[in-house]
Amino acid sequence: AFGHRFPPDIKEEQPLRMIQTCSSSEKDLSPSLVTLMLIIIGTECILGILANGFIAAINTAEWIHNKVLSTSGKILLFLGVSRIVLQSFMMLELTLSSTSPQFYNDDITYHTFRGCFMFLNHCSLWFAAWLSVFYFVKVANFSYPLFLKLKWRISRLMPWLLQLSVFVSLGQSVLFFQNIYTMNCNNLFSLPSFNSTKKKSFSEATVINLVLFLNLGIFIPLIMFILAATLLIISLKRHIFHMKSNATGSRDPSTEAHLGAIRAISYFLILYIFQVLALFLYMSNFFDINSPLNILCKIIMATYPVAHSILLIQDNPGLKRAWKRLQAQVHLYFKK
């Protein structure tokens with residue numbers, strides 16, 4: 001899923017597979033470019049593992065100390081652990097696909113990596129979407145009966161929703177593994193051995209598979225994230241308007257805090273949209289394996305987990321306090 005794949009020749013009776021069929025004339029990446037890509041993505045993954053390891057460690061410590069974990073803490077723990085595994089897996093896959101292509105291109109190895117890649121990405125997207133939904137329900141101020149009922153029950157529902165997301169992601173990755181199709185690197189539906197009728201059937205099959213196996217698994221949490229973030233921004237802006245109309249001073253700390261929250265949510269939303277688009281384009285094989293746009297998708301997919309996690313540490317009060325305590329302890333240790 002994350003590296004190179006060179007399948008055997010396509011046979012008419014073979015099942016359709018979502019792998020990139022590349023001609024032998026396609027040039028490999030130069031060693032210097034491979035090294036640069038490994039350095040960039042490897043650095044992003046290491047930073048992501050550290051940031052998400054910090055998030056997971058803080059929430060685990062809170063769980064052990066208090067014998068109970070808050071709802072937001074559970075979501076952050078699920079999110080942190082899934083991203084640690086995802087970015088460790090991305091480093092391993094990129095290394096193998098670049099340094100040991102013969103081993104990586106083995107059918108069992110390749111299918112295992114691809115299924116795991118889809119499962120971990122879907123889990124990460126779902127957990128981030130539920131975090132956005134939870135913050136929206138808890139912070140936003142709407143008087144609709146359905147919203148008030150959801151605000152009352154969200155904490156009890158969230159553990160079940162997180163577990164359901166894991167099973168949905170697992171089912172999605174299994175379906176993706178079993179119902180995959182071939183796209184040519186240079187032309188999405190260009191298969192010389194197919195006549196026009198079969199080309200049409202092939203095109204319809206690919207579109208159906210994209211809708212079923214990519215759109216449902218990726219764009220449902222995207223829609224949830226966009227709706228929750230947008231409604232939360234609307235609620236915060238409305239609250240800021242009311243505070244400004246009643247304020248007597250020139251600067252209100254509460255207003256500044258709300259503006260900071262709006263900025264953070266906007267950053268989260270932009271990062272999430274870029275991640276989903278990069279994952280969709282990469283897994284749909286719209287670009288050649290070695291094209292700059294395909295490499296850009298890889299870099300974006302490695303950037304999102306670390307950037308989102310760093311923003312969470314900066315904007316979450318509990319994580320921010322823990323980070324400041326850690327900084328103070330590290331400073332004291334080196335001072336001694």
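How close do the axes of helix H2 and helix H4 come, and at what angle do they cross? I looked this up in a predicted model, where local features need pLDDT of at least 70, side-chain atom pairs count only at pLDDT 80 or more, and totals for chains, interfaces and linings use all residues. Residues are numbered from 1 along each chain as its sequence is written, and side-chain values use heavy atoms, without hydrogens and water.

**H2 and H4.** I find H2 (residues 71–99) and H4 (residues 107–139) with axes within 9 Å, crossing at roughly 155 degrees. Helices here are DSSP runs (H or I, at least four residues), numbered from the N terminus. Axes are lines fitted to C-alpha atoms over the stretch in contact, and angles run from 0 to 180 degrees between N-to-C directions. The pair is therefore roughly antiparallel (over 145 degrees). I note 20 nonpolar, 5 polar and 2 charged residues in the contact of H2 with H4.

**H1.** I checked the span of H1. Just after H1, lysine 67 has a positive phi of about 65 degrees.

**H1 and H2.** These helices pack at about 155 degrees, axes 8 Å apart. That makes H1 roughly antiparallel to H2. Their contact has 18 nonpolar, 12 polar and 2 charged residues.

**Largest pocket.** I then looked for open space on a 1 Å grid: a pocket is an open set of points where a 1.4 Å probe fits, with protein on both sides within 12 Å along at least five of seven lines, and lining residues have an atom within 4 Å of a point. The largest holds about 790 Å³, the space filled by probe spheres set on the points. Its lining counts 37 residues; Tyr135, Leu312, Asp315, Asn316 and Pro317 lie nearest the centre.

Definitions and conventions. Helices (H or I, at least four residues) and strands (E, at least two) are DSSP runs, numbered from the N terminus. Angles under 35 degrees count as roughly parallel, over 145 as roughly antiparallel, 65 to 115 as roughly perpendicular and the rest as oblique. Ala, Val, Leu, Ile, Met, Phe, Trp, Tyr, Cys and Pro count as nonpolar, Asp, Glu, Lys and Arg as charged, and the others, Gly among them, as polar.
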